[in-house]
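Here is a short briefing to read alongside the coordinates. Take a look at the model first, and then we can walk through some of its features together.

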Amino acid sequence: MPIENIGAKAMSSCSVTNDLVALERGPTPKDYAINIAGDIEGIDFRDSSVVLRNVRRAEVWMGRKFGVEATGVNRIPDDQRQPPRIINMILFWFSMLMSPTLISIGLLGPVYGLSVNDSVVLTVFSTMLGAVIPAFTATLSAPTGLRQIAVCRFAFGIWGAKICGILNIIVNIGFGVVNAIIGGQLLRAASGDTIPLAVGIIVVIAVAFFISFFGFKVVHHFESVAWVAVLILLCVQWAQAAVYFPTDLGFSAVEGLDKTGACLSYFAIIFGTVAAWCSMAGDYYVHYPADINAWLVFGLTWIGLVLPSTFIGVLGNFLGGVITTNEAMYGYYTEGGVGALLVATLRPSGWAKTVAVFYCLSFIANLIGIFYSSSLSLQLQGRYWMAVPRFIWNILLAGATLGLAWGGKDVLETILNNFLSLLGYWTLCFGPILAIEHFFIRPRTGGYNVDDWQDQSKMPWGIAGTFTLCMGIGISFLGMAQVWYTGPAAKPIGAYGGDVGDYLVLVTVVVAYPPLRLIEVKYFGR
């Protein structure tokens with residue numbers, strides 16, 4: 001749906017060249033007039049520090065010389081937008097998702113005791129439903145010119161949006177760790193175990209960091225083509241792995257309530273994995289025209305998310321059937337992880353190793369987006385944080401991902417079980433709150449005035465949004481079914497419980513947020 005009443009067009013920020021001149025002369029009253037209203041205003045802090053001033057000068061110089069994005073998290077005015085092709089709304093997600101990451105997640109269906117058929121049905125429907133949330137949130141960034149976490153200030157307030165930014169970073173780094181580990185496994189398998197897993201992890205993260213360093217334009221160019229070779233190889237993977245698929249696709253190792261619990265838990269994992277993109281989807285749409293059709297953005301984003309996620313997730317379901325019925329393949333999986341399993345299902349061995357290298361490179365596309373969006377979320381933490389250039393945050397995020405992947409490289413399945421199903425709880429707070437704000441609250445309060453997005457005195461207090469977010473996450477503990485904890489609502493559903501946290505969170509948000517937000521508007525006027 002189109003965003004109405006966007007408000008007056010914000011004052012344009014300096015171009016890269018003018019910004020370099022501004023750094024030489026120091027800030028002027030005009031510079032402060034543009035930025036003083038926001039809590040993230042960092043001009044005075046940046047220019048009071050010799051180190052930050054020189055780092056910013058280097059960033060602006062790299063922007064002029066090499067095309068490194070130097071705008072950071074600032075709003076993109078209409079007259080400074082450089083829109084990618086419309087089809088990139090599909091191709092971008094193809095590159096982000098066209099990698100074996102979802103194979104490792106699809107494996108969990110049969111591992112939980114579900115049949116391949118049941119796993120496939122759950123994968124398809126949970127993906128289609130989960131993709132609705134990021135497809136919607138993506139529609140909010142082009143009309144406002146703001147990144148996804150910045151947009152959420154209109155519901156969560158400036159301080160509540162900082163909490164959302166932290167959660168976004170946690171989710172992104174968690175995905176990054178999974179990608180880096182599987183990429184390292186593939187390089188190790190391709191080398192015949194001569195390359196240590198840690199070295200493979202370093203290679204994947206280093207290349208991803210290098211590309212994300214350049215920012216929006218280079219990221220979009222890379223993501224528009226990176227998926228093609230991987231799609232071809234995955235089609236070959238389907239064909240060659242088919243000889244190992246189990247003959248009885250309808251056999252489930254669990255029955256009754258145990259099966260119900262497994263279905264609920266697996267559905268929650270797939271749903272959360274796909275929906276988790278909602279807190280960063282709009283980051284890549286800020287350069288599209290403000291009047292772009294929202295239904296077009298929604299539809300193309302939804303297609304871009306659903307097609308690769310389903311294609312690869314279902315392959316994971318079949319390979320999950322392989323490791324639960326084929327002792328030899330299970331041995332490859334336990335010894336070398338998903339990477340070794342994929343290589344073992346390909347032939348001849350030389351071809352298998354070549355494919356493994358290409359698969360490893362496919363994780364780079366995913367990590368690029370993770371580093372880029374997480375660095376923007378860090379800048380939104382406050383004026384001092386924004387004073388630090390985006391590429392510095394990229395370096396720190398890459399280092400954090402490397403450290404966590406190194407430490408967790410031998411426990412990937414534990415990470416998947418304990419991390420992925422938690423994603424749905426947070427996204428079912430974030431996405432529906434933005435939807436209620438957009439369709440129910442904003443039409444009653446005059447729409448979005450994007451000039452105010454940094455102004456603490458004009459933005460919502462965020463009491464309703466932040467309280468609902470905390471309440472939703474708290475309620476999720478009643479229905480979660482994790483290795484380390486099973487809530488009272490989940491415990492009766494089978495021997496291992498059935499995850500119903502998503503449903504409890506959704507009901508909580510829908511019931512609590514509208515009245516709380518209306519009360520907030522009534523008594524605080526914003």
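A crossing of two helices is called right-handed if the near helix is turned clockwise from the far one by less than a right angle, and left-handed if the turn is anticlockwise. With that in hand, note that α8 passes α17 in a right-handed crossing. Please keep in mind that this is a predicted model.

**Helix packing and burial**

- Helix α8 (residues 116-130) packs against helix α17 (residues 294-325) at an angle of about 165°, and their axes are 9 Å apart.
- Because angles over 145 degrees count as roughly antiparallel, α8 is roughly antiparallel to α17.
- Helix α5 (residues 88-97) is mostly covered, with ten of its ten residues buried.
- Among the buried residues of α5 are F92, W93 and F94, as well as N88 and S95.

**Salt bridges**

- Side chains of opposite charge can pair when their charged atoms come close.
- A search of the whole structure turns up six salt bridges.
- One of them joins R442 to E437, with 2.9 Å between the closest N and O atoms.
- R442 counts as buried because its relative accessibility is 10%, and E437 is buried too, at 1% relative accessible area.
- R517 pairs with E520, and here the closest N and O atoms are 3.3 Å apart.
- Both of these residues, R517 and E520, lie in helix α24, three residues apart, which is about one turn of the helix.
- R517 and E520 are both buried.
- A network of salt bridges links E437, R442, R517 and E520.
- D452 forms a salt bridge with K458, where the closest N and O atoms are 3.9 Å apart.
- In that pair, D452 counts as buried at 15% relative accessibility, whereas K458 counts as partly exposed at 47%.

**Nonpolar surface patch**

- W461, I463, I519, Y523 and F524 form a nonpolar patch on the surface, and together they have about 560 Å² of accessible area.
- Helix α24 (residues 501-524) gives the most to this patch, with three residues.
- W461 sits in the loop between α22 (412-445) and α23 (463-479).
- With a relative accessibility of 44%, W461 counts as partly exposed.

**A cis peptide bond**

- Most peptide bonds are trans.
- The bond from R347 to P348, however, is cis, with omega near -5°.
- P348 is found in the loop between α18 (327-344) and α19 (349-379).

Conventions:
Residues are numbered from 1 along each chain as its sequence is written. This is a predicted model: local features need pLDDT of at least 70, side-chain atom pairs count only at pLDDT 80 or more; totals for chains, interfaces and linings use all residues. Side-chain values use heavy atoms; hydrogens and water are left out. Helices (H or I, at least four residues) and strands (E, at least two) are DSSP runs, numbered from the N terminus. Patches are made of residues with over 30% relative accessible area and no salt bridge: like charges are joined within 9 Å, nonpolar side chains (Val, Leu, Ile, Met, Phe, Trp, Tyr) within 5 Å. Accessible areas come from the Shrake-Rupley method with a 1.4 Å probe; for residues, only the protein chains shown count as cover. A salt bridge is a side-chain nitrogen of Lys or Arg within 4 Å of a carboxyl oxygen of Asp or Glu. Buried means under 20% relative accessible area, exposed over 50%, partly exposed in between (1.4 Å probe, protein chains only). Axes are lines fitted to C-alpha atoms, for helices over the stretch in contact, and angles run from 0 to 180 degrees between N-to-C directions. Angles under 35 degrees count as roughly parallel, over 145 as roughly antiparallel, 65 to 115 as roughly perpendicular and the rest as oblique.
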